[in-house]
Amino acid sequence: MKIAIYGQYYQISTEPIIKDIFVFLNKNNVDLYIESNFLDLIHEKNLIKRDYKTFSSHGELDSSFDMLISIGGDGTILRAAAMVGDSGIPILGINAGRLGFLATVQKENIDEFLQFVIDKKYTLSQRTLLSLTCTPENESIVAINFAMNEVTVSRKDTTSMITIDTYLNGEYLNSYWADGLIISTPTGSTGYSLSCGGPILTPDVKSLVITPIAPHNLNARPLVIPDETEIRLKVSGREENYLVSLDSRITSVKNETILTVKKTPFQINMVEIPEQTFLKTLRKKLLWGEDKRN
């Protein structure tokens with residue numbers, strides 16, 4: 001079995017997690033490739049001493065890899081998804097963060113769940129991605145051109161609202177007066193969109209959510225639309241620029257630029273372990289069923 005390992009940050013609390021992962025996978029003779037910056041970090045902290053084969057870019061990951069293991073929180077998985085891109089390599093998230101809707105394997109269960117990986121007793125959950133194009137073209141957006149959670153437009157360098165003219169498949173929907181607008185995938189529906197009042201979608205729903213951020217027109221509400229819809233946005237405001245983010249990657253865009261958001265032709269495969277399904281994670285993270293009446 002050939003597995004890539006990706007991580008970003010080091011904390012004392014993650015030491016036993018990293019050690020347990022490497023001990024287990026080496027014991028099972030897994031062919032390991034470590035993201036080069038992450039390997040430098042764990043060498044520096046003396047967590048491991050031997051050398052491993054490395055990778056540093058999307059182009060070095062191909063179909064010969066059985067899986068990529070992401071060590072961290074959901075933010076780390078979003079960056080791992082950018083690394084995997086359209087290669088189809090499944091991603092397993094091991095949670096070294098806090099909430100974790102994507103990084104579902106907890107530190108207490110690492111050996112048990114990694115055994116499912118070795119035995120190939122897991123399923124894949126396909127996750128919709130969003131792509132973004134703009135007119136005129138923006139080089140920063142070309143470089144970060146898909147999102148697993150959401151595409152967001154928001155105000156920059158001002159406390160004033162922006163106006164977001166929104167069209168669905170060419171038909172005018174609304175002009176949102178707000179701090180911003182979130183276009184969320186089902187995966188992202190448990191993130192920023194949820195905190196702004198959006199609904200939760202299960203990962204297999206073929207829909208997107210449009211959620212305004214602090215709208216001035218208070219009758220503006222989150223809207224669920226088919227994921228085949230092409231969404232066109234034109235933003236205006238008092239400042240010359242506004243912010244566009246694809247997950248956690250942010251760039252500045254000039255007013256009146258036309259943004260087009262649509263589903264990508266490929267998906268990200270998330271590894272789902274039998275004991276860590278989306279519904280079980282939802283109940284646990286949102287404390288559903290904690291009412292004593294249940």
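**A colleague's note on this predicted model**

1. Among contacts in the protein chain (heavy atoms within 4.5 Å) between residues at least 6 apart in sequence, 67% join residues at least 24 apart. Before going on, two points on reading the model: it is predicted, local features need pLDDT of at least 70, side-chain atom pairs count only at pLDDT 80 or more, and totals for chains, interfaces and linings use all residues. Residues are numbered from 1 along each chain as its sequence is written, and side-chain values use heavy atoms, with hydrogens and water left out.

2. Now the overall picture. The secondary structure of the protein chain comes to seven helices and 19 strands; helices (H or I, at least four residues) and strands (E, at least two) are DSSP runs, numbered from the N terminus. The radius of gyration, taken over C-alpha atoms, is 20 Å, close to the 19 Å that the globule rule gives for 294 residues, so the chain is as compact as a globular protein of that length. That rule is 2.2 Å times the number of residues to the power 0.38. The C-alpha trace spans about 60 × 55 × 35 Å along its principal axes.

3. Next, burial and charge. Of the 294 residues, 51% count as buried, where buried means under 20% relative accessible area, exposed over 50%, and partly exposed in between (1.4 Å probe, protein chains only). There are 30 positive and 35 negative side chains, and the centres of the two sets lie 4 Å apart. For that count, Lys and Arg are positive and Asp and Glu negative, while His and the chain ends are not counted; the place of a charge is NZ of Lys, CZ of Arg, CG of Asp or CD of Glu.

4. Which residues of α4 (residues 110-118) are buried? They are I110, F113, L114, F116 and V117. Seen down the axis of α4, these buried residues fall within an arc of 145 degrees, so they line one face of the helix; the arc is that of the directions from the helix axis to the C-beta atoms. They pack against β1 (2-7), α1 (15-27), β4 (67-72) and β5 (91-95). After α4 comes K120, with a positive phi near 55 degrees.

5. With 0% relative accessibility, I3 counts as buried. Leaving aside neighbours within four places in sequence, I3 is in contact with residues including L25, M67, I69 and V117.

6. Where is N269? This residue lies in strand β19 (residues 268-272). N269 counts as buried, at 12% relative accessibility. Beyond neighbours within four places in sequence, its contacts are G88, I89, P90, I91, L124, S125 and Q126.

7. Finally, some backbone details to check in the loops. T135 and P136 are joined by a cis peptide bond, with omega about 0 degrees, and P136 lies in the loop between β7 (130-135) and α5 (139-143). N46 is not a glycine, yet has a positive phi of about 60 degrees; this residue is in the loop between α2 (36-44) and β3 (53-55) and, at 57% relative accessibility, counts as exposed. D157, also not a glycine, has a positive phi of about 55 degrees. Its loop runs between β9 (150-154) and β10 (162-168), and D157 counts as exposed at 64% relative accessibility.
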